[in-house]
Amino acid sequence: MAMGLVICFMMLIMLVTALAETPTTLNKTCVGDISVLLQFDVYQESCPEAEPIILSWVQSAISEEPRMAASLLRLHFHDCFVNASQGCDASVLLDDADNFVGEKTAPPNLNSLRGFEVIDAIKSDLEFVCPQTVSCADILAIAARDSVLLSGGPGWEVQTGRRDSLTASKAAATNNIPAPNSSVATLVANFQNVGLSTNDMVALSGAHTIGKARCSTFSSRFMNPSNSGGPDVNMDFVQSLQQLCSETSDSTTTVAHLDLVTPATFDNQYYINLISGEGLLPSDQVLVVQDDRTREIVESYAEDPLLFFEDFKNSMIKMGALGPLTGDSGEILRMDIDSKLNKLDIKSGDEASSSTQAQVDSKGTAEDKDELADSMNNLNAEASSSGQVGPSFRRKPVIIIVVGMAGSGKTTFLHRLVCHTQASRIRGYVLNLDPAVMTLPYGANIDIRDTVKYKEVMRQFNLGPNGGILTSLNLFATKFDEVIQAIEKRADQLDYVLVDTPGQIEIFTWSASGAIITEAFASTFPTVVAYVVDTPRSSSPVTFMSNMLYACSILYKTRLPLVLAFNKIDVAQHQFALEWMEDFEAFQGAMRSDDSYMSTFSQSLSLALDEFYKNLRSVGVSAVSGAGMDAFFKAIEASAEEYMETYKADLDKRRVEKQRLEEEQQKQNMEKLRKDMENSGGQSVVLSTGLKDKAHHNNMAINYNTVPLNL
């Protein structure tokens, strides 16, 4: 007996210890024998921008159309309510496929669900920032919460960790989602089938305090008023509905507010309306006429809005935990921004890893020297087997190469461009050429860090940071034809290619890689250079002149149209810079208080740059607030037209001349090689490197009888 007590006591201690070590997680539900757990702050490390991005899109959508709040809330409800074992899984977003018929065409959803384009936009933006990280199911849950909050309702912390379904069921949606003509008994049964109580049903019905409904969903209210509920029927209200719907023959398009009093405000007015017989849907009004239990709950919510808010919040959390896919179940749907813009394209983990949005960890360091050579063959941009860039020239997409000094806000500005293209439905493609950047605020379709390991380059070549960046770009430039081919494949689906670059401006003033990259782009697509200027720092005339000299140097080197983007106008306006560029005397006047040599030199340079200024387009922008984006893209379009009219002809001439010189050089090299082989008589030829180490000379020997030449 004593031994048994000891054993029981030890088991109790082990159980308590295990529970103490288990992280606290609310809303643990069991589906069969599988424990499904959702957690808070799932994206805190992997995608901290997730919730702010979702909130921003929801806020924008509701400001344009207040009804969108109800639409997004309804999307989440209809997603979760399909069945208890596989509920909140984003299956409502899936189109029909070969192996299933989707839920969009189910009677409760057909011509009813709205807001898909908002979810698409959110997902697309998140794919830029955090590729294949945030699930669509979580987006639906968070967007529903934000819709309620922005409409004046309660807020709550959304548990996340859901994964997305790869299948959907029209039949399940048809059978389980409550119909607008449902009785109280049917409503209670529908909610109980998924594990929700009668109280949950009445609380969640309060979502009808915002939004609209079609005449076809409530026509029975005036076609057979006796079914609307005995003494509580409001005939004046019913007749007003009949008059509204009789004004058109199409009952599927005419809509009425679910709450006529405060239609766009999330409050308890819905329950007050039910008591006065002004519930729009039959399934709403029956809550006060068919069941004493539900009527009592309705009355309590009508009297106490805070009680309604608290119960609605708790019921939403419960509904959000209905059968989610977690762990290894399901997938994270990803937006294929390359080929199916604004469409959700499901890819498995293996397929996604081979896409242009490479999932390679670029922060790790190599263990051996062979990794650098191997990585050069692992460019995660889809290339054709020809290995040559096609000769055809395309008018789209326009290449925007964003350059600027370190600290000018160049990368933040490019992030703003990415967000603007998404919000404006402009089809964009993003390329990162900065090998040393630790994190990017956007997702890149092609990222140099997936191909060249910057730190490994520094280690192998014994270089400093700047030398490592330049050498990394030189290595990447040897594979740049594959980048061009990848963009060519998507050219018909793109408007712009946004190219981020390192802050080392010398890359585009004298480095070979800069010339290779710009010429490769310009020979295939209209290409414009956007030079980002730090406006507050350029308020000093000397600093301004230094920036203009860099811009002039880039224009001279690339021979491409140049747009000056005066950034940070939210801090300092750029009118002074425009005045200095347009009025020589204004710049001279700003320099009069300074008698130093640099001041005098800057005044002389300003006169020399007068012609340079005339060929520039300048816009003021703010990477933080988004000001000036429309003006920037107008300047880009004008520069692209200028490229086609002026720059392309000059480029074609230079390319033809360059090809002629290369062919002549190749002929000379071949002739020299032929003579060397004749003189060697088939023996080994030692290459003269200028090194004194004879052993090294021997190692460099090439036997032309055994080593094939790749000419």
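First, the basis of the values. This is a predicted model, in which local features need pLDDT of at least 70 and side-chain atom pairs count only at pLDDT 80 or more, while totals for chains, interfaces and linings use all residues. Residues are numbered from 1 along each chain as its sequence is written, and side-chain values use heavy atoms, with hydrogens and water left out.

Let me turn to the chain as a whole. The protein chain has 30 helices and 13 strands; helices (H or I, at least four residues) and strands (E, at least two) are DSSP runs, numbered from the N terminus. Of its 711 residues, 49% count as buried, where buried means under 20% relative accessible area, exposed over 50%, and partly exposed in between, with a 1.4 Å probe and protein chains only. Among contacts with a separation of 6 or more, 77% come from residues 24 or more positions apart; a contact means heavy atoms within 4.5 Å. The chain exposes about 33300 Å², and carbon and sulfur atoms supply 53% of that area. Accessible areas come from the Shrake-Rupley method with a 1.4 Å probe, and for residues only the protein chains shown count as cover.

Next, helix 6. This helix covers residues 136-150, and its 15 residues reach 20 Å from first C-alpha to last, close to the 21 Å expected at 1.5 Å a residue; the expected span is 1.5 Å times one less than the number of residues. Helix 6 is mostly covered, with 13 of its 15 residues buried. After the helix comes Gly 152, whose phi is positive, near 100°.

How many salt bridges does the structure hold? There are 19, each being a side-chain nitrogen of Lys or Arg within 4 Å of a carboxyl oxygen of Asp or Glu. Arg 145 pairs with Asp 146, their closest N and O atoms lying 2.7 Å apart. Arg 145 is buried, because its relative accessible area is 8%, and Asp 146 is likewise buried at 3%.

A further salt bridge joins Asp 534 and Lys 568, with closest N and O atoms 3.0 Å apart. Asp 534 lies in strand 11 (residues 527-534) and Lys 568 in the loop between strand 12 (562-567) and helix 25 (575-582), so this pair ties together parts that are 34 residues apart in sequence. Asp 534 is buried at 7% relative accessibility, whereas Lys 568, at 24%, is partly exposed. Elsewhere, salt bridges that share partners join Glu 51, Arg 145 and Asp 146 into one network.

I come now to an annotated position. In an unreviewed entry, UniProt lists His 208 under "binding site"; such annotations may be inferred rather than shown by experiment, and positions follow the numbering used here, with feature names shortened. His 208 lies in the loop between helix 9 (198-205) and strand 3 (212-214). Is His 208 buried or partly exposed? His 208 counts as partly exposed, because its relative accessibility is 24%. Leaving aside neighbours within four places in sequence, His 208 is in contact with Leu 258, Asp 259, Tyr 270, Leu 281 and Asp 284.

Finally, the surface. Tyr 597, Met 598 and Phe 601 form a nonpolar patch with about 350 Å² of accessible area together. Patches are made of residues with over 30% relative accessible area and no salt bridge, like charges being joined within 9 Å and nonpolar side chains (Val, Leu, Ile, Met, Phe, Trp, Tyr) within 5 Å. Met 598 lies in helix 27 (residues 597-608) and is partly exposed at 42%.
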